[in-house]
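I open my notebook and load the file. These entries record what I looked up, step by step.

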Amino acid sequence: MRHAKSIAVAAAAAALTFTLTACGSEAPVLEPSASPSPEAAGAEGELTPITVGVLPIIDVAPLYLGVEEGVFEAHGLEVEIVKAESGPAIVPAVASGEYEFGFSNVTSLLLAQAGGEELQIVAPGNYTTEDPAADFGNTVVPAGSAIAGAADLAGKKVAVNAPKSLLQATIMSEVEKAGGDPESVTFVPMPFGDMPAALAGGDVDAAMVMEPFLTLSKEQGATPLDISFASNQAELLVAGYFATDEYAAENPEVVEAFIAALTESFELASDEATAREALGLYTTLEPAVRDAITLPVWKAELDDTSVELQAELAQKFNFSEGAELDAAGLLP
Amino acid sequence: MSAPSTPAPARVLAATGGGLWRIVLALLLPAVLVTVWWFASADSTDPQVPPLATVLDKFPTVWFAGDDLGSSLFVETVGQSVSRVLIGYAIAMVIGIVLGVLIGTFRPLRDFCEPVLEFFRAIPPPILTPILMLFMGIDHALKISLIVVGALWPILLNTIEGVRGIDPVLKDTARAYGLGPVRRLFSLTLPGASPQIYTGGRQALSIALIMMVIGEMFAAFDGIGSAIAQFQATFSTASMWSAVLILGCIGSVLALIFGAVERVGLTWYRGYLRSQRGGA
C-alpha cells in the first residue's frame, strides 16, 4: 500500500518535473536520470527540481515558509515537499534516489547508517530550547498520577511515537540519572494522537509527547514531568536534513544552494509570528493552538556535539544490536 | 487390494520408503528456494536486501544472544506470540463451533442471524484495532480478541454450512431411533459437520497468524510483530528478514500440527469417501 502510494507520488512528481522542465526552457532537454544539472541552475533562470521528504510536523515550518516566500527559487531550486507517512519511510526513499533530501531525527539516521546506508546530514533541522521545562516536547502523566519524576518511571509503561528513538533514549537516560533502572521501563510505541486516550485509560503510565500534542494534553489536565529532549543538552540538535553521500558528492552546488536557502528560511522563521503563521501552510492547527505551542529553535549552525551525544545514548542503550554508531560519518 | 499378498517386510519397506520419499519431496522446494536465496543475495551490498548469511547470523547474535535461553529474545517473543495465537484460536474455535451448531441446527435462528453475520463478516478485522483498543486497552486482551475476531468467521460459517448439509435422512433416522439431543449432537451433528469444521479451522489458522502480527505491530511492545516493527524502525533489515523467517516457520509448524490432528480426526471420513467411491 505504502509502496504503491509512494510510486504514485513519484510518478506525479516525475510528471510535474517534466512539465516544469518543458515549460521553463526554450529547448527542453529531458534528462533520463533524476540527477539535476546544477550548472543550469540560477544563471539561465532554470530551476533545479528537488524533492524533500518530510513529516508534516512543526519542525519543518521553515522549509514550508522558505518555499512559500520564494527563498529556494531565488537559490535556483524548485522544491517539491513530499509528506511521508512515517520517519523511517523517508530514509529508504532518499537512499533509493526517490527524494534528493529528507528530514529525519538524528538517532534514526545514526541507526540507518549503522544498517549500511551511506548518508550525511547536510543541514540542521531543528534544535530544542534551552529549558527542559519549556521545550517543544515533554513527558506527561495523567492528573493525579503518583509519578513525580524520572525515578518513578522505573518499571512503568511509557508511550513513545517510535521504538528505540531519541524519545526512548532521553527517558532511559533520565531514569538512569535519577538512580532507576532504565531497562525496567517498558516503551509502548503509538502515534501521538493515540496517547491521550491511552493515558486516560491507564494503558500507559506516562507519555512523551511533542507539540502540538503537548499543548493539547496539558489542556486536558496532564502534568508535565519536564523530561524533554532539552534534558540531554540545552539547544540539542534533534533532527536534520540529509542526503546520500553519493548525491552530496555529485551535486555539491545543489547541496550548497539548499543549505543557503534553508539558512535564509531559518532567519525568516526566527520571527515567531512568521513561524506560527507558516504552520498554517501545511497543518490544520487551530489558530489558538498555533499561538499557544512551544516552537523549536531554528539555527543554521550544525552542532556536532548533539550528534555525538545521540550516538552515545543510542549506543549505551543498545539500539543498534551492538553495531558501532559513527557520529563523524554522519556529519558533512 | 494386493497389500495382503505382499510379504510383511516388503510392506514395511514400501511404507517407510514412501514416507521417506514424501519427506524428501516436501523438503525439496524449500531447499531449492533457500539455495537460490543464498546465492542470489550472497554479493548484495544493498542494505535493504542483505545476504542470507547475514540474516542467518542474526539467530545467534540477536535471537539467541546471552547465556540464558529462557530469557533470550527468541523464547520471549515467540513464546508470547504463539501463546496468544493458541489462546485466541481456541476461543474462536469454541465460539465458532457452539454458535455454528446452534445457527446451523435451528432454521429460524439462521434466518434471524444471517444478515448480521454477513455485515460483520464484511468488516476487515484489522480496522477494528483502534476501536477495540478503546475497550480492551493495549495488552493481551486486545491482541487476543483481535485474533478471535479474525479467526471466528471461517470457523463459524463453515460450521453452519456443515451442520446444514447433514443428510436429512440421517437426521430423521436418528430421531426415529429415539436418540436424545445430546446423543444426536455428539454422534451425528458434530461428526457430520466435522469435515467442514476442519476446513474452516485451517483457514482460520492462517488468519489467526496474520491478526497476531497486526495486533502486535500496534502499540508494539512485545511479541514477534513488535520485533518486526522495531527492526524496521531501527533499520535492522537483516534482523527483520530473520523475524519474517521465524514467522513463516511458526506458520508451517502450526499447519503441520493441524494437519496431523485433522488426519486423526477425519480418518473415518476418508474411509467413508473410499467406501462411497468403491460402492458406486
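My notes below go from the sheets to the interface and then to a few single residues.

**Entry 1: what kind of model**

I note that this is a predicted model. I keep that in mind for every entry.

**Entry 2**

I began with the strand order. In chain A, 5 strands form an open sheet, and the order is β2-β1-β3-β10-β4. The pairing is mixed.

Which strands stand at the edges? I found β2 (77-83) and β4 (119-127) of chain A there. Each has a single partner strand, so one side of each is left without a neighbour in the sheet. From one strand to the next, the twist averages 25°.

I reminded myself how strands hold on to each other. Strands of a sheet pair through backbone hydrogen bonds, either parallel or antiparallel.

Then I looked at one pair. Strand β3 (residues 101-105) of chain A is joined to strand β10 (residues 237-244) of chain A by 4 bridges. These two strands run antiparallel. I clicked on A:F103 and saw that A:Y241 in β10(A) stands opposite.

**Entry 3: helices across this sheet**

I checked two helices next. Helix α2 (residues 61-68) of chain A lies across β1 (48-54), β2 and β10 of chain A. It runs at about 140° to β2(A). Helix α5 (residues 106-114) of chain A lies across β3, β4 and β10 of chain A. Its angle to β3(A) is about 110°.

**Entry 4: another sheet in chain A**

I found 5 strands of chain A in an open sheet with the order β7-β6-β8-β5-β9. Its pairing is mixed. The edge strands are β7 and β9 (223-224) of chain A, and each pairs on one side only.

How do β6 and β7 of chain A run, parallel or antiparallel? I found them parallel, with 4 bridges joining strand β6 (residues 157-160) of chain A to β7(A). Within this pair, A:V158 stands opposite A:F187 in β7(A).

**Entry 5: where chain A meets chain B**

I turned to the interface. Here 24 residues of chain A are in contact with 20 residues of chain B. The two chains bury about 1800 Å² between them. Carbon and sulfur atoms account for 63% of that area.

How many salt bridges cross the interface of chain A and chain B? The rule finds 2. In one of them, A:K157 pairs with B:D139, and the closest N and O atoms are 3.5 Å apart. I also counted 4 residue pairs in polar contact between chain A and chain B.

I asked which elements supply the side of chain A that touches chain B. I listed α4 (87-95), α5 and β7 (186-189) of chain A, each with at least two residues. The largest share, 4 residues, comes from β7(A). The residues on this side of chain A divide into 13 nonpolar, 4 polar and 7 charged.

**Entry 6: A:E321**

I searched the whole structure and got 13 salt bridges over all chains. One I followed up joins the side chains of B:K58 and A:E321, at 3.2 Å from N to O. This pair crosses between chains. B:K58 sits in helix α2 (residues 52-63) of chain B, while A:E321 is in the loop between α13 and α14 of chain A.

I then checked the backbone of A:E321. Its phi is near 55°, a positive value in a residue other than glycine. Most residues other than glycine have a negative phi, and most peptide bonds are trans.

**Entry 7: a cis peptide bond**

Is the bond from A:E211 to A:P212 cis or trans? I read it as cis, with omega near 5°. A:P212 belongs to the loop between β8 (206-210) and α8 (213-219) of chain A.

**Entry 8: A:Q233**

I ended on a loop residue. A:Q233 has its place in the loop between β9 and β10 of chain A. Its side chain is joined to that of A:D303 by a polar contact of 3.0 Å. Leaving out residues up to four places away in sequence, A:Q233 touches A:T128, A:D303, A:T305, A:S306 and A:L309.

Methods. Residues are numbered from 1 along each chain as its sequence is written. Chains are lettered from A and ligands numbered from 1 in the order in which they are written. This is a predicted model: local features need pLDDT of at least 70, side-chain atom pairs count only at pLDDT 80 or more; totals for chains, interfaces and linings use all residues. Side-chain values use heavy atoms; hydrogens and water are left out. Two strands pair if DSSP finds at least two bridges between them. Axes are lines fitted to C-alpha atoms, for helices over the stretch in contact, and angles run from 0 to 180 degrees between N-to-C directions. Contact means heavy atoms within 4.5 Å. Buried area is the accessible area (1.4 Å probe) that two parts lose on being put together, summed over both. A salt bridge is a side-chain nitrogen of Lys or Arg within 4 Å of a carboxyl oxygen of Asp or Glu. A polar contact is a pair of N or O atoms within 3.5 Å; within protein, one must be able to donate a hydrogen and the other to accept it, and residues adjacent in sequence count only if both atoms are side-chain atoms. Ala, Val, Leu, Ile, Met, Phe, Trp, Tyr, Cys and Pro count as nonpolar, Asp, Glu, Lys and Arg as charged, and the others, Gly among them, as polar.
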